[in-house]
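Subject: Structure for your review

Dear colleague,

Please find the structure below, together with its sequence. My notes on what was found in it follow.

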Amino acid sequence: MPLPLDELQARARRVRLLLLDVDGVLTDGTVTIDAAGGEHKTFHIRDGLGIVWARREGLDVGFLSGRPSPVTERRAEELGVRIVSQCGPDKGRGYAELVAARHLDDADVAYMGDDLLDLPVFRRVGLTAAPADAVEDVRARAHWVSRFNGGRGAVREFVELLLAARGAWTDLVRTYVD
């Protein structure tokens, strides 16, 4: 259920915490397991830079994953993301614990997810987003859908929307062109 631009921007201005699913949002959903049991995922550098900029502009950023992974922990550490919940398939419970611990209202949270496990979180947060290749049932319930697939810039595009609504995107761009 996409929102009209003015309502989307109003909700984006209120966001204090950006939560992101990992597999299918920060990655393309592919997990490679080698013969030694090592796990490999690919993350888009632009998504990572968007996360760094979001944090720099005062947004808390966290990962809410249904699957425990040392690779997810490593990526969070690289990006300075201190909120990492690898809660298993009950993302609704994981989300509830996160917001309670931080004393946040649901309206203060934006969440990007791509699959059915994300829908309990979608029902609660103030702003929902999905990558272009999210499953149909998620895209249909998202307030905003990226033009990009998961792991291919969807997070970056969402961060740009959030920062633009807060009036920070133009100034950020200006630091690189002036």
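I begin with Thr-72, which is found in helix α3; helices here are DSSP runs of H or I with at least four residues, strands are DSSP runs of E with at least two, and both are numbered from the N terminus. Please note that this is a predicted model, in which local features need pLDDT of at least 70 and side-chain atom pairs count only at pLDDT 80 or more, while totals for chains, interfaces and linings use all residues. Residues are numbered from 1 along each chain as its sequence is written, and side-chain values use heavy atoms, with hydrogens and water left out.

The terms are set as follows: buried means under 20% relative accessible area, exposed means over 50%, and partly exposed lies in between, with a 1.4 Å probe and protein chains only. Leaving aside neighbours within four places in sequence, Thr-72 is in contact with Val-22, Lys-41, Phe-63, Val-84 and Gln-86, where contact means heavy atoms within 4.5 Å.

Ser-69 is found in the loop between β4 (60-65) and α3. With a relative accessible area of 2%, Ser-69 is buried. Its contacts, again leaving aside neighbours within four places in sequence, are Glu-39, Lys-41 and Gln-86.

Arg-74 is placed in helix α3 (residues 70-79). Its relative accessibility is 57%, so Arg-74 counts as exposed. Arg-74 and Thr-128 are 54 residues apart in sequence and, from C-alpha to C-alpha, 25 Å apart in space.

Gly-94 lies in helix α4 and is buried, with a relative accessible area of 1%. Beyond its neighbours within four places in sequence, Gly-94 is in contact with Leu-64, Ser-85 and Cys-87. In sequence, Gly-94 and Gly-66 are 28 residues apart; in space, their C-alpha atoms are 9.0 Å apart.

His-103 is found in the loop between α4 (91-102) and β6 (109-112). Although His-103 is not a glycine, it has a positive phi of about 55 degrees. His-103 is exposed, with a relative accessible area of 69%.

Helix α7 and its partners

Helix α7 has 12 residues and reaches 17 Å from its first C-alpha to its last, close to the 16 Å expected at 1.5 Å a residue; the expected span is 1.5 Å times one less than the number of residues. Of the 12 residues in α7, 10 are buried, and the helix is mostly covered. The buried residues include Phe-158, Val-159, Leu-161, Leu-162 and Leu-163. After α7 comes Gly-167, whose phi is positive, near 80 degrees.

Helix α2 (residues 45-56) packs with α7 (residues 154-165) at an angle of about 25 degrees, their axes being 7 Å apart. Axes are lines fitted to C-alpha atoms, for helices over the stretch in contact, and angles run from 0 to 180 degrees between N-to-C directions. The two helices, α2 and α7, are therefore roughly parallel to each other. On this scale, angles under 35 degrees count as roughly parallel, over 145 as roughly antiparallel, 65 to 115 as roughly perpendicular, and the rest as oblique.

From α2, the contact is made by Arg-46, Asp-47, Leu-49, Gly-50, Ile-51, Trp-53 and Ala-54, and from α7 by Ala-154, Val-155, Arg-156, Val-159 and Leu-163. By class, this contact of α2 with α7 has 8 nonpolar, 1 polar and 3 charged residues. Here Ala, Val, Leu, Ile, Met, Phe, Trp, Tyr, Cys and Pro count as nonpolar, Asp, Glu, Lys and Arg as charged, and the others, Gly among them, as polar.

Ile-45 also lies in helix α2 and is exposed, with a relative accessible area of 64%. Ile-45 and Gly-151 are 106 residues apart in sequence and 9.2 Å apart in space, C-alpha to C-alpha.

The axes of helix α1 (residues 5-14) and α7 come within 8 Å and cross at roughly 85 degrees. Helices α1 and α7 are therefore roughly perpendicular to each other. Leu-8, Gln-9, Ala-12 and Arg-13 in α1 meet Leu-161, Leu-162 and Ala-165 in α7. The contact of α1 with α7 has, by class, 5 nonpolar, 1 polar and 1 charged residues.

Yours sincerely,
A colleague
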